[in-house]
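Subject: Structure for your review

Dear colleague,

Please find the structure below. My notes on it follow.

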Amino acid sequence: MGTIFNIQKFCIHDGDGIRTNVFLKGCPLRCIWCHNPEGLDREKNISFFAERCTGCGRCLEKCPGRTIDGEGKLHIDRSKCTLCGSCVEACLNKVNEIMGYEATAEEVFADVMKDKMFYDTTGGGMTVSGGEPSYQAEFAMTLLRMGKDAGIGIALESCGIGKREFYAEAADLGTTFLYDLKCMDSYKHKALTGVSNDHIIDNLLYLFERGADVRIRMPMIPGCNDSDEDIANLCSFLKEHEGKYKYAEIMPYHTLGVGKSDHLGREVAFRAENATDADIARWVALFERGGIKVRVSK
Amino acid sequence: MTDVMKIDPLSRGFFADESLEIAERVGMALLECAKYIDIDFDRNILPHFDTSKNTGARFTFDDSISYQHHRFEEFLEKYPEHRELLESYKAKFELYDDSRRNLRSTVGETHGDSGTEWGGSFGGHANPDFGRVVNLGTDGIREIIRDCSTKGIPDSDWFYRGCLLTLDAIDTLGDRYGALARLRAEEASDEKTRSQYIAAAKAFETVPRRPAPDFTSAVLCFWLVFSFDGVDSPGRFDQYMLRAWEADCDEGAKRDALERLWEAFHDTRTWNLCVSGSDETWRDESNELTYEILKIAREKKYETPNLTVRVHRNTPEKLWDAITDTLASGIGMPAIYNDEAVCASLEKLGIPPCDSHDYCMNGCNQIDIMGKSHMGLEDGEVVLAKCVELALHNGYNSIKPRLYTIKTGDLRHAESYTEVERAVIRQMEYLTYIATNSANSAQQVRAQYGPNPLRSCLTEGCLEKGRDYRNGGPLYNHGQILAEGIADAGDSLYAIKKLVFDEKKYTMAQLIDALEADFEGYGELNRDFKNCEKFGNGIAEVDVFTTGLLNRFFKLLKRIHTYRGGVYTGGCSPDDRATYYAGYIGALPNGKRRGEPMLADSIAAVPGCDVSGPTSQIRSVLGYDHSEAGSGFIFQNKFDKKMFCSEKGKESFKGLVKTYFAAGGQQFTATVVNPEDLLDALEHPERHRDLIVRVGGFSGYFTELGADIQQSVIKRTFKEL
């Protein structure tokens with residue numbers, strides 16, 4: 001049994017061909033710009049879409065965690081929420097949504113396999129993503145194994161924080177790795193994500209050594225990890241290991257995660273505007289100067 | 001004093017000898033018209049004339065000769081000195097119309113504008129083989145007539161005379177255009193125009209009597225006959241024009257001619273042009289002209305003609321790329337049709353592969369066989385969502401409360417889901433028969449009163465059988481009835497089954513009360529019915545309610561014969577009609593409220609209900625039996641323009657369509673838009689006059705669409721991102 005928060009069909013930017021992404025809940029990193037905050041906790045969460053609330057009060061009956069203020073606006077006290085779901089049942093306007101659900105690997109995989117005909121014609125398959133899949137290592141590995149046995153493409157999107165054995169086993173299965181590289185400076189990495197990058201780089205070097213199918217993904221966050229120096233450091237690392245990865249791709253910052261955090265009642269440590277075309281052009285040019293041709297994720 | 005010969009030549013020819021059969025009289029009318037109507041060249045230096053100019057009568061492809069009563073006063077004022085003549089024509093046409101009407105009123109009935117169904121009110125599109133004139137010339141057709149008419153088919157001499165008169169009419173127009181071109185060449189002030197007129201003058205020395213020797217002559221000849229026929233659809237243009245294209249060594253002149261023709265297509269809102277395809281051995285038929293046409297469509301970015309590309313097992317990757325690039329240009333075209341599914345559906349109607357592979361599209365998106373058929377296009381329409389509404393209200397229309405159809409039982413006390421389903425099917429059968437009976441009576445009227453000798457000359461079977469195009473002459477005479485509001489009906493049935501009979505959360509009486517109240521005061525019930533799983537998300541047990549209903553409708557149609565001499569086959573309507581019909585529909589168990597302007601988008605989901613992405617919706621849609629849809633499916637998809645900006649995106653698009661087709665999908669259309677552009681276009685229409693979106697069956701300028709349709713386009717676009 002695993003906890004997932006989404007199964008997304010027709011993903012075309014996370015590996016070869018047409019793919020289905022399975023998003024596993026839980027991540028040990030706390031990147032300040034997190035794009036998928038609903039994937040951070042291993043446990044389920046409740047999202048509260050206050051803007052849809054009409055103040056009808058139907059949810060108040062069963063929920064001790066709800067209060068209504070003088071203006072008829074409802075508030076949620078998350079410390080009292082037991083995720084019982086009575087508010088979801090009562091509400092007529094989809095104000096409440098439980099993020100995450102438990103499912104067996106068989107259930108998840110059966111859903112993934114519904115699109116098999118698309119994988120077959122395009123060389124696609126399943127991408128296990130998160131959160132951070134290694135946080136539910138056994139579940140993630142079961143899914144990958146099922147994919148391998150069914151003859152579809154398998155890919156793993158990972159920040160690289162998992163145990164060595166996890167990556168070793170995945171590589172044995174012939175997994176494609178979409179591997180995050182956020183910042184080469186270990187101190188800065190810790191400040192931005194909560195962990196140092198030592199272990200992450202080690203795992204990456206291990207995959208390089210094994211000749212695994214690795215594609216590098218670099219989130220570019222304005223003002224965080226995109227200084228000339230940051231990019232120059234990334235370049236020299238990539239240059240050193242040229243040929244050991246298929247391609248390197250930059251993932252420009254976008255603000256979708258901010259709204260999601262707000263609905264989850266989660267503090268947002270970092271707010272910025274969407275990356276602009278000028279930002280992207282600058283990044284691409286800096287990489288080029290460092291001798292690295294990067295792709296830009298759409 | 002006006003030249004009397006110029007006044008109403010169609011009427012003069014038509015009433016010259018009333019003792020003759022109508023087909024021959026139509027031929028005489030066309031010849032008289034060709035001799036005396038005003039002719040001109042348009043801005044593209046192509047023939048331009050109006051067969052209804054200065055005439056009370058008019059000639060159209062769907063009604064043959066008819067009289068425009070509303071123009072009588074106008075003519076009287078214009079030609080007071082010819083009052084007697086004009087009045088005599090009017091009186092004669094009144095008698096003629098009476099006899100048409102009398103025949104009609106004895107058969108069939110229809111609900112007209114009640115938004116339930118219709119049948120027969122339109123004479124139908126078809127694709128005559130214009131290549132016959134371009135490649136054989138009228139002399140070549142005369143030869144066929146000579147061969148056929150000597151076979152001694154009883155009572156056919158008048159039919160052939162009508163055809164010969166029509167060919168004479170085409171020649172007459174050609175001669176007059178040759179003379180006019182010579183005159184214009186002399187008057188022309190610039191060299192380019194002069195040379196174009198000289199080329200036209202030269203062309204009309206050969207065409208339309210003999211085969212066009214080069215592409216410019218072919219275009220002039222094609223356009224002359226195409227306009228005379230009434231500007232319908234060019235059909236498989238890249239096939240029948242190829243001979244002249246290849247014979248022409250003047251690269252500049254032939255591209256110029258194609259470009260001028262494209263402008264003329266746009267000026268006249270020409271319907272549907274189809275390129276590529278396969279022959280019965282699955283040999284690919286794409287050629288140089290195929291690519292030229294896709295290129296010109298990309299460059300000109302016009303919303304017409306409606307462009308169709310046929311693909312199949314041997315379609316080269318190069319053509320797939322050209323298709324993707326053309327879609328990426330944002331014109332919402334071409335529509336992609338899968339020969340593997342279309343030919344199969346036609347073969348199920350008994351059409352052999354040698355002819356099924358000659359199909360093309362007409363109208364919005366209906367399947368026709370070029371130069372070989374008259375299949376209605378379309379004969380009528382039935383709104384499936386309305387069948388559910390009528391069943392739930394025991395035959396009463398909930399918008400205009402009165403008994404509309406038949407009483408199929410008070411479902412408040414229904415004890416099983418089967419009872420509900422049976423009532424819906426009875427309503428569907430009833431409305432279908434009303435539509436087909438009505439269509440058949442209209443076909444009978446047209447067979448007797450609306451012969452079309454021009455189309456008889458250009459449609460295989462007519463000359464061979466000695467029978468008119470309207471009267472069973474063509475090789476294939478099937479009919480087409482379209483379905484509307486398909487998923488709305490299926491989703492409603494699924495919700496009833498689930499919430500009333502399986503989970504027993506509500507009773508039928510509660511549901512019907514809620515529907516009558518338009519869900520007012522039934523918030524929770526409305527939410528639960530609305531939140532039920534919906535068609536379009538690849539959930540087989542939900543989808544089967546929608547696909548099963550349509551498959552059943554198609555089966556029913558196939559058992560009903562057309563007056564013309566075929567059987568009915570089904571398809572679906574474009575989604576601009578969905579917004580129209582939605583206004584006539586009351587509250588439905590899928591959660592739709594009265595008059596809400598959303599109905600399912602052809603065979604796809606109800607807008608906003610497909611929340612699982614395109615692959616899931618494709619799986620849903622594959623539940624329909626595509627090989628039964630002889631009239632054609634429309635599967636409309638919308639994509640963010642960004643997807644077409646990367647190679648990976650384009651590859652994925654192709655992969656999506658190819659997978660769908662490999663699994664039996666019949667048709668795929670895609671609108672490629674930048675969603676921000678749509679929103680901005682609502683605020684600032686003036687900035688987005690060229691923004692084209694696909695509306696199910698056709699493409700249209702977004703800013704010119706009705707507000708309802710605009711909203712529907714936006715709703716779908718944002719759902720699928």
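**Overall form of chain B**

For 721 residues a compact globule would have a radius of gyration near 27 Å, and chain B agrees with this because its own value is 26 Å. That radius is taken over C-alpha atoms, and the globule rule is 2.2 Å times the number of residues to the power 0.38. This is a predicted model, in which local features need pLDDT of at least 70 and side-chain atom pairs count only at pLDDT 80 or more, while totals for chains, interfaces and linings use all residues. Residues are numbered from 1 along each chain as its sequence is written, and chains are lettered from A and ligands numbered from 1 in the order in which they are written.

The C-alpha trace of chain B spans about 80 × 60 × 50 Å along its principal axes. Chain B has 28 helices and 17 strands; these are DSSP runs numbered from the N terminus, helices being H or I with at least four residues and strands E with at least two. Of its 721 residues, 57% count as buried. Buried is used for a residue with 20 or more other C-beta atoms within 10 Å of its own, exposed for 12 or fewer, and partly exposed for values in between, with C-beta atoms placed from the backbone. Of the contacts in chain B between residues at least 6 apart in sequence, 74% join residues at least 24 apart. A contact requires C-beta atoms, placed from the backbone, within 7 Å.

**Domains of chain B**

Domain 1 covers 4-116 and domain 2 covers 380-634 of chain B; such bounds come from an automatic or database domain assignment. The C-alpha centres of these two domains of chain B are 37 Å apart. Their contact takes 19 residues from domain 1 and 24 residues from domain 2 of chain B. On the domain 1 side, the elements giving two or more residues are helix H2 (22-36) and helix H4 (83-105) of chain B, and H2(B) gives the most, with 5 residues.

**A sheet in chain B**

An open sheet of 4 strands runs in the order S5-S11-S12-S13 in chain B, with mixed pairing. Strands pair if DSSP finds at least two bridges between them. The edge strands, each pairing on one side only, are S5 (117-119) and S13 (568-572) of chain B. The twist averages 25° from one strand to the next. Axes are lines fitted to C-alpha atoms, for helices over the stretch in contact, and angles run from 0 to 180 degrees between N-to-C directions.

Strand S12 (residues 479-484) of chain B pairs with S13(B) in the parallel sense over 5 bridges, and Ile481(B) stands opposite Gly570(B) in S13(B). Helix H16 (residues 384-392) of chain B lies across S11 (380-383) and S12 of chain B, at about 45° to S11(B).

**Strands in chain A**

In strand S8 (residues 125-130) of chain A, 6 of 6 residues are buried. S8(A) pairs in the parallel sense with strand S2 (residues 19-24) of chain A over 6 bridges and with strand S9 (residues 153-158) of chain A over 4 bridges. Val128(A) in S8(A) stands opposite Val22(A), and its bridge partner in S9(A) is Leu156(A).

**One loop residue**

Arg43(B) lies in the loop between strand S1 (39-41) and strand S2 (47-49) of chain B. Arg43(B) counts as exposed because it has 10 C-beta neighbours inside 10 Å.

Regards

How values were computed: Two residues are in contact if their C-beta atoms, placed from the backbone, lie within 7 Å.
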